[in-house]
Each structure stands twice: as C-alpha cells, then as structure tokens.
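Visitor: Please take one part of this model and look at it closely. I care about the side chains and how they meet. Then connect that part to the rest.

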Amino acid sequence: MATLDCLSIISVDLEVAEQMRMLDLSAIWNKLQGMVSGFLALLPNVVLAVIVFAIFFFVARSIKRIVRRATANRRRARNLGLVLGRLAQGAIILIGLFVALSIVIPSLKAGDLVQLLGISGVAIGFAFRDILQNFLSGILILLTEPFRINDQIVFKSFEGTVERIETRATTIKTYDNRRIVIPNSELFTNSVTVNTAFENRRMEYDVGIGYGDDIQQAKRLMLEAIASVDEVLKDPAPDVLVVELAESAVNIRVRWWIAPPRRIDDLTSRDQVLSAIKQKLYVENGIDLPYPTRQILFHDQTEATDGDRTQQREGWPAGHDRHTPKARSIGGALRYLAEQKQQRNGHQPTESAKDS
C-alpha cells in the first residue's frame, strides 16, 4: 500500500509540473504574439514617421543650400549665410524628429519632449563640454568675422589660407600644401594675425652699411633701388631710416608697401627689392655691406705696466709722452721677471735681459 501511495504522489507531481510548464510556454507564446501584433499595428506609424523625418531632413538640406547660394557672392554676408543655413537645418531636423516621435507614440506630448530634452541637455552639456564650446566659438567667429574664407592668417606656429569655417573647427591650407584643423575655441580665445585684413601691407628689412660710407648717399641710392621695383606702391611712398649703430655696420631700415598683401606678393617684392638694393649699393657704387666682425684684444698681464692704462699696449692709446710699450714675448717676459728678481737681490741685469 505504501508503494502505491508513493507512486500516486509522484504521478500527481509530474502532472502538476507538466501543467506548469505548459502554462509557462503558453504565457511566453501569448506575450510574443502580443508583441508581434503590437509591432504590426505600430508598423504603419513607424513607416510614416520615417517618411516624415526623411522629408524634413531633405527640406533642411535644401534650405541650407539655398541660403548658402544666396550669400555666396556677398563677401560680408557669406559667413552669416553659413550660420543661418546651419541653424535652419538643425531647427528643421529637430522639428521633424518631434513630429516623427509623435506619430510613433501618439501619447507622447510636446511638454514631455521638452522636459526630456532639458534633462538630457544638462547631461550632454557636461559630457560634451569641449564640443559645445567649439560649437559656440564657431558661431561667434562666423558672426563677428575676425577673418573670412580665403584670408591668410597666422595662428601660433601655423600659417596659411582659410579654407573652411565650420561650427566645430576651422581648416587652413598651409603654403607647403598641408591641411591644419584648428578647434574654434582655440582661435576665439587666442591671438590671430590676419595678413590679408587690409588691401595694403608694409614690408621692411634692415640693411647694414660700413661706418666709413656716406649715410645720406646710401639712403638716396636705396630709395632709387626701391622705386625701380614695379611691385612696390608709390603711395604710400617707401622710406629709409637709420635705426641702429651696430657693432660692425650702420643699420638702415628699408620700408615699402605692397598690394595685394598675400604671401606670394610678399616673397616676390622682397626678392626684387633686396636684389635691387644690393646691385645699386655694392655693385654700382661700391658702398660696403659689411659682414659681422669682432676684434679680440689679448692683454699680457705679466708686464710691469699692468694696471696703468697709459702704459698698456693692447687696445689703449699711448700715454702723454706718446710712448706705447712694445709687445713682449713670453720668453722675454720671463727674462724680465728674472731681471727684476735679480735687482731685488742686488745683482745687475744681464745684457740679454735688457735686449728682450
């Protein structure tokens, strides 16, 4: 009897476990059927939302192109057109996203989206602080226009022509045909030299002439040489100024103006001006263009006249009696010291010591 009772209990447990398993499978199946049914019911809304968002996206791109084309031929409005085009594109895409989400989720309200965007905006702001800083700096650069596209600028160790001004970074093309991408926050918070900001630009170079040459004649010849170069502007007129009495030359600063002030014009005018000055001064008129020189004077501190400037030979004028001491060799100096020692000891100097 006990065995039969145990078998009946086991069979009941197996039946209960089978029923539980069937119930679990049925619940999972019903859930899957519900999900599939919900997706099929939502599929038309999803397709419609994708179509609506695609329409908004292409409309935004078209508006951006229209704005850029409208301002492409206007130099002062070109950067403003870039800003307005990008802002219009972003605003239209954001509106399209709102509309698409409201189609997919009809219960979603605009207030909920605004609240969600506000909370998300704070988190995104902390996470992408540098990106947002570059974006805002790019907007300010495009609006204030400290430089424009095709301007030639110098930023730190980089120099080149501005190719693009985007909301994140500015791209310049160097003179040796390389591309440099500079974050806008760096450009906005640091000094930038714009070489093509104005129509004219002044160039300068220091030319050294000899101390024995006539300064006025050299200045006149330099002006004649500069006037012979076609790239140099007549107004403003070039000028030459004495700026330094250097160690081995009199430095005269040559200044002239060029237009347009681009890099190639700078190099061309500098080449022709310096070549003309060298030809006019040195070749045609024999005015010295001295090399840097330095004179080194050695003083023999073994001499008895050491410390008496009127008796020192190296680099000092003669004394009042116009007597300049002769140079003494090291051997003669040693014999002279021996002679002085002998005199102190009461001995007469030898003839060889006197002659040395």
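Guide: Start with Phe-57. Its relative accessible area is 31%, so Phe-57 counts as partly exposed. Phe-58 has 51%, and because exposed means over 50%, Phe-58 is exposed. Note that this is a predicted model. How many aromatic pairs does the count come to? The count comes to 1. That pair is Phe-57 with Phe-58, in an edge-to-face arrangement. The ring centres are 5.8 Å apart, and the planes make 80 degrees. An angle over 60 counts as edge-to-face, so the 80 degrees of this pair qualify.

Now the charged side chains. The whole structure has 13 salt bridges. One of them joins Lys-156 to Glu-186, with the closest N and O atoms 3.4 Å apart. Lys-156 sits in the loop between strand 1 (152-155) and strand 2 (158-165). Glu-186 belongs to helix 5 (residues 184-189), so this bridge ties together parts 30 residues apart in sequence. Lys-156 is exposed, at 56% relative accessible area. Glu-186 is partly exposed, at 33%.

Glu-163 and Arg-179 form another salt bridge, with a closest N to O distance of 3.3 Å. Glu-163 is in strand 2 and Arg-179 in strand 4 (residues 179-183), so here the tied parts are 16 residues apart in sequence. Glu-163 is partly exposed at 27%. Arg-179 is exposed at 54%.

Then there is helix 7. Lys-280 and Glu-284 both lie in this helix, 4 residues apart, about one turn. Their side chains meet in a salt bridge of 3.7 Å, N to O. Glu-284 is partly exposed, with 48% relative accessible area.

Strand 7 and strand 8 run antiparallel and are joined by 6 bridges. Among the partners, Val-242 bridges to Ile-252 in strand 8.

What about the nonpolar side chains? The largest nonpolar core has 21 residues. Met-222, Ile-226, Val-254, Trp-256, Ile-277 and Leu-281 have the most contacts inside this core. Strand 6 (201-209), helix 6 (215-227), strand 8 (250-258) and helix 7 (263-285) each supply at least two of its residues. Take Val-254. Leaving out residues up to four places away in sequence, Val-254 touches Met-203, Glu-204, Tyr-205, Val-207, Met-222, Ile-226, Asp-239, Val-240 and Ile-277. There is a second, separate core of 15 residues. Leu-142, Ile-165, Ile-180 and Leu-187 are among its members.

Note on methods. Residues numbered from 1 in each chain as written. Predicted model: local features only at pLDDT ≥ 70, side-chain atom pairs only at ≥ 80, totals over all residues. Heavy atoms only, no water. Core = buried A, V, L, I, M, F, W, Y, C linked by side-chain atoms within 4.5 Å. Buried < 20%, exposed > 50% of the residue type's maximum accessible area, 1.4 Å probe, protein only. Contact = heavy atoms within 4.5 Å. Pairing = 2+ DSSP bridges. Phe/Tyr/Trp six-rings, centres within 6.5 Å; stacked < 30°, edge-to-face > 60°. Salt bridge = Lys/Arg side-chain N within 4 Å of Asp/Glu carboxyl O.
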